[in-house]
Amino acid sequence: MINFLRQIRETIARWWLEFTLQTKLMAVATLVVSLLMSGLTFWAVNIIQEDARLNDTRFGSDLGLLLAANVTPLIGENNKTELAQFSHRFYSSTSSIRYMLYADEEGSIYLGIPFSESEVQTSLTLRRKIHLPDDYAQHTDEPMVRQHLTPDGEVTDVFVPIIYEGVYKGVLAIGTNPNPTVVTSSNLTRDVTIAVFVSIWVMVILGAVFNALTITRPIKELLVGVKNIASGNFRQQVDLPFGGELGELILSFNEMAEKLERYEEQNIEELTAEKAKLETLVATIADGAVLLDTELHVVLVNTTARRFLNWEGLAIEGNNVLYSLPNAIQSEITRPLYRMAKGEMREGGEFRVTLKEPVDRTIRILLTSVLDLARETVKGVAITIQDITREAELNEAKSQFISNVSHELRTPLFNIKSFIETLHEYGEDLSREEQREFLETANRETDRLTRLVNDVLDLTKLESCRTYRFEAVDLAQPIEQTLRTCQLNARDKGIELKQEIQPNLPSVLGHYDLLLQVFTNLVGNSLKFTQSGGTVTIRAHLLEIEASEPEQDNELFNVLVTPRVRIEVADTGIGIPVEDQQAIFDRFFRVENRVHTLEGTGLGLSIVRNIVEKHQSRVHLSSEVGVGTTFWFDVAVFQTAKPVLPADHLLEDLPGDLAKLDVAVGIAQ
């Protein structure tokens, strides 16, 4: 039952919500008016009923006094026969009396009309007594009147005391019926009021139904159609048979929907394609792009910007961009963003920021105002983010390179100029030995300057995109040529040059001149830092790698198991401190700057590193101060059937640290 009532209440509530405000106001006004009229009507009915009760009371009282005056002598004389006959005649002569009761002083009823006293065959008499009201007064001449409801209607009770010659003889109780005319009129008035109330609400309900069928329904249909069109669904038709202005409105709506549908078929696909192209372009450009509205909420952000700003996997759209930007960027662009969003600044700005997360990166941020077609109102702000890390590194390296080259060139040029000026101005005052010494010094500085320029040129060539033709090289030849070239210098310093080349060593895939330059630089470097009586040794031996699974046909695996030749240049020199071993291959880094004993350009090992990397390898070193240093690297064996060197794209995928290859070699051996 409770669920049923709840369903009815929910149904009424839902039905009420479907009505328009005008219909609700009309319903409330109708309810108020109907309740007011009904209240007035019932108030009038109550007044009429009260008057009828008062009249019934007066009528009953007068009728009771009249009847008591006629029967008092008969009761006083105890003439019950005559009393009964008179009472029957009086009861039969009017329809206003419902009953008549006579009771003695003790309240025992001895005569009642239409009731009568009956005797039981056992001679036992059942006596009935009248129950008088509590406020009934026996010794008074005024009757007592009251009213009560019965199944047959309202009855007026009249209690008249019977006093004969000053003695109380009992009571006369009569009941009178209400005035039938008044009752009929009252009932009619009540029925008419209820009928009017019901009729009003029936008319209201019918009016609401008519309103829903004739006006509300088509309006709702049109509203649904407009919403569908606004959402992009133009296949809308309102099929309702209405005439007049409403019919014209429905017809115009259908025509509009048809035109929009045709327009959609012609243009929406093209517009969607252009939009997809634009979104794809924005998503795939190398620069980061973030579009903001005038409230600085993110409208669009591409993948590149998410990567730069560490927004990957975050729902940024719709949020204020300042809450999500890294602190370094936020401190730079907060004020310009606010000014551009408010239209106080039309010209964009350019900012350069260094980020530490997710990786160290230098970025350039460009701010641009997004204007309307008239270029008068600011609609948003576009943020362009460019990664200039490589550019910054190149600029720094360029500046450092120029600074280092300028510094290195300035020293020999200054020495040459100084000695030549001295010879020019004071040549006649100098002895031939002094002149020769000055010229030898100038010659050495010239050679040093030449070596520096040549090294710079060589390094520039190696770091350029120049390609070299690799072919089979017999390592014995460049090693032998290097030893012959350095033999005189080694003999002057008392250093022994040795070579340990594995017999039947296969040819390697490389560039003869580049490998010769590597050997020359490494051997020359070792001679420079090796004391007299020391040894410089060049070793070369084959590294054999046997695949544990011959059936493997993985290209990367085949590269790793390609036979390679290891080349080592070892000396017993002063060694390289641990703190310098990481920077030993940098440009213009010279150990002699630490020991202050020898001279050099500081580019030899940098050239060696670049040449070895051209051979798809990496140079390593092992050094201990006071014991010596060993430089070593691996070169692939030349193969005629199958090129040893892999494709460039595959080599780029190999680990940069070829020490992993050495680990694989050790495991294979």
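Two strands are taken to pair if DSSP finds at least two bridges between them. Helices (H or I, at least four residues) and strands (E, at least two) are DSSP runs, numbered from the N terminus. The structure is a predicted model, in which local features need pLDDT of at least 70 and side-chain atom pairs count only at pLDDT 80 or more, while totals for chains, interfaces and linings use all residues. Residues are numbered from 1 along each chain as its sequence is written, and side-chain values use heavy atoms, with hydrogens and water left out.

The protein contains 17 helices and 17 strands. Of its 669 residues, 36% count as buried, that is, under 20% relative accessible area with a 1.4 Å probe and protein chains only. Contact is defined as heavy atoms within 4.5 Å. Among contacts between residues at least 6 apart in sequence, 61% join residues at least 24 apart.

Strands β8 (residues 350–355) and β9 (residues 361–371) run antiparallel and are joined by six bridges. A hairpin of five residues links β8 to β9, and R352 has R364 in β9 as its bridge partner. Strand β9 is also joined to β10 (residues 378–387), again antiparallel, by nine bridges. Here L366 stands opposite T384 in β10. Six residues lie between β9 and β10 in their hairpin, and R375 in this turn has a positive phi of about 55 degrees.

A nonpolar core is a set of buried Ala, Val, Leu, Ile, Met, Phe, Trp, Tyr and Cys residues joined through side-chain atoms within 4.5 Å. The largest such core has 40 residues, and L475 and V565 have the most contacts inside it. At least two residues of this core come from each of α10 (476–493), α11 (512–528), β14 (535–543), β15 (564–571), α15 and β17 (628–636). Helix α11 gives the most, with seven residues. Leaving aside residues up to four places away in sequence, V565 touches partners including L475, L505, A540, L542, F633 and V635. Another core, of 27 residues, lies apart from the largest one and has V290, L355, L367 and I385 among its members.

In helix α15 (residues 604–614), the buried residues include L605, I607, V608, I611 and V612, as well as S606 and N610. Just after α15, Q616 takes a positive phi of about 60 degrees.

Elsewhere, the charged end of K80 sits over the ring of Y110, 4.7 Å from its centre. This assignment requires NZ of Lys or CZ of Arg within 6 Å of the ring centre and within 35 degrees of the ring normal.

Technical notes
Buried < 20%, exposed > 50% of the residue type's maximum accessible area, 1.4 Å probe, protein only.
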